[in-house]
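I opened the notebook to look up charged side-chain pairs. Confidence comes before contacts.

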Amino acid sequence: MGKIVSGAGLMALGYAISRLLGLVREMAIAWRFGATDVTDVYNAAFLIPDILNHLLAGGAFSIVLVP
């Protein structure tokens, strides 16, 4: 049981750090470039990798939690 909890905790920590760094990235882009067409294209380019990250992280959680 301890390995499951530590594995799930490690996954949760990694996911939380990833989301926090993404928030910092978005704040820096908004501060530097503002709301322009270029930032809209940049954000659209990150849409697919972000969706894949959600799917992979969710799948990894289910693998860790279901032994």
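What is the mean pLDDT of the chain, and what share of its residues reach 70 or more? I read a mean of 83, with 90% of residues at 70 or more. pLDDT is the predictor's confidence in each residue, from 0 to 100.

This is a predicted model, in which local features need pLDDT of at least 70, side-chain atom pairs count only at pLDDT 80 or more, and totals for chains, interfaces and linings use all residues. Residues are numbered from 1 along each chain as its sequence is written, and side-chain values use heavy atoms, with hydrogens and water left out.

I checked confidence by element next. Helix 1 has the highest mean, 89, and helix 3 the lowest, 75. Helices are DSSP runs (H or I, at least four residues), numbered from the N terminus. I keep a caution here: where pLDDT is low, the predicted coordinates should not be read in detail.

Then I looked for salt bridges (a side-chain nitrogen of Lys or Arg within 4 Å of a carboxyl oxygen of Asp or Glu). I found two.

Entry one: aspartate 50 pairs with arginine 19, with the closest N and O atoms 3.1 Å apart. Aspartate 50 sits in helix 3 (residues 47-65) and arginine 19 in helix 1 (residues 2-33), so the bridge ties together parts 31 residues apart in sequence. Aspartate 50 is partly exposed at 29% relative accessibility. Arginine 19 is partly exposed too, at 36%. The class lies between buried (under 20% relative accessible area) and exposed (over 50%), using a 1.4 Å probe and protein chains only.

Entry two: glutamate 26 bridges to arginine 25 at 3.0 Å, N to O. Glutamate 26 is partly exposed at 31%. Arginine 25 is partly exposed at 33%.

Conventions: Helix = DSSP H or I, 4+ residues; strand = E, 2+ residues; numbered from the N terminus.
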